[in-house]
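Please take a walk through this protein model, one stop at a time. Keep the sequence at hand as you read.

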Amino acid sequence: MAEELARSARLLLGPGAPPGAERLRAVRTALRPRPVPSAPMRFAQRVQRKLGRLEYEQAVAAPLMAARREALGDAAAGPPRFLVRMDEFPHYMAWDEPERYGTAAYLRFHELMHEAGVPYLVAVLPRVSAASLDPAGTRWRELQDDERALLAKMPSEGVSYGLHGLDHRTRHASPRRHSELSGLGIDETEELLASALAELEPSGIRPRVFVPPYNRFDARQYPVLAREFDVVCGGPESVGLLGFQRTPVWRGEAVYLPSYHPLYGHAGEVLDGASRLIEAQAALWAPITLHWGWEADEGFAQLRRLLAAIAPYAARWEDFLAEVDASRLAA
């Protein structure tokens, strides 16, 4: 626990933090490792979140900035560092609706991001399923040549890779339980990850970041993910399985990086939250999650506005991963 706290403090405060900063009260309060709550508590947190009482600004940014002010004084404030995550490519419905969610549609989105100068992480699928919301389905295909070609050029245009499971097929029919991972045993989870990474290897893709399909995995699977990846992402749906956790924080051998409303959602919603963080000079690693399919369906108008606002503050994921590496040595 002390090791995780020291690493999280280094990630929050940066290399200029005074020695022993992790022992300051506000820092300990904001960053102490939190166990996975009981099922009733997780349910209560989900209700609080839906009522808007447990979201990013008040439950994450406020305590983290209080910790920075106690440790760094006047140097605590500064521009936020937005980590933009995009789910997913290929789109999980690329086989079912190629005209709407195929490579040509994604390319229009990617060109907007590149022209705006906003680096981002794309959650990559090694396989594309047919009817991935049907747990009984079995049909899938490999990546096609146009998908591989676009993935190959992305790093030169500001894009980093995350692994997005194997095929995005849910194991549960209920929308409240959609997950590719939940319910798998440890050996099955390890096998799924090994297959996914092996199928991406010929394309030269070895992600350091894991983005769970549907933002759901079981708490007992976290150590497996943390052994394989340096960063494990999450989202609002993760609260029901891991509880509400601050972000980013070290948990075990990886950084846990869930994204919460209003930084998780449609571009118009994210714009409001991001603008408030910029105005408040909240100098944090702030994870933004967008879904390019949602933005394509809305004609990209709100996305253009968001990109114009956050472009000066969007961080490269490689820079964040370098800070993760440096914080690993803090303990």
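Predicted model: local features only at pLDDT ≥ 70, side-chain atom pairs only at ≥ 80, totals over all residues.

Start with a pair of helices. Helix α1 covers residues 2-13, and helix α14 covers residues 317-328. Their axes lie 8 Å apart, and the helices pack at an angle of about 140 degrees. Angles over 145 degrees would count as roughly antiparallel. The pair α1 and α14 is therefore classed as oblique. The crossing of α1 past α14 is right-handed. Which residues in α1 meet α14? They are R7, R10 and L11. On the α14 side, the partners are F320, E323, V324, A326, S327 and R328. Sorted by class, this contact holds 4 nonpolar, 1 polar and 4 charged residues.

Now move to helix α4, residues 56-72. This helix is bent. The bend is about 25 degrees at A62, and the proline P63 follows within four residues.

Next, look at the backbone. Most residues other than glycine have a negative phi, and most peptide bonds are trans. This model has exceptions to inspect. A cis peptide bond links D87 to E88, with omega about -10 degrees. E88 sits in strand β1, residues 81-89. Another cis bond runs from F89 to P90, where omega is near -10 degrees. P90 belongs to the loop between β1 and α5 (98-101).

H168 is not a glycine, yet its phi is positive, near 65 degrees. Find H168 in the loop between β5 (159-163) and α8 (186-200). Is H168 buried or exposed? Its relative accessibility is 3%, so H168 counts as buried. N215 is also not a glycine, and its phi is positive at about 60 degrees. N215 lies in the loop between β6 (209-210) and α9 (222-228). Its relative accessible area is 4%, so N215 is buried.

End at T138, in the loop between β3 (127-129) and β4 (140-142). T138 has 65% relative accessibility, so it counts as exposed. Along the chain, T138 and R169 are 31 residues apart.

Note on methods. Residues numbered from 1 in each chain as written. Heavy atoms only, no water. Axes fitted to C-alpha atoms, helices over the stretch in contact; angles between N-to-C directions. Helix = DSSP H or I, 4+ residues; strand = E, 2+ residues; numbered from the N terminus. Parallel < 35°, antiparallel > 145°, perpendicular 65-115°, else oblique. Left-handed = near helix turned anticlockwise from the far one by under 90°. Contact = heavy atoms within 4.5 Å. Nonpolar A, V, L, I, M, F, W, Y, C, P; charged D, E, K, R; others polar. Bend = angle between axes of the 7 residues up to and from the residue. Buried < 20%, exposed > 50% of the residue type's maximum accessible area, 1.4 Å probe, protein only.
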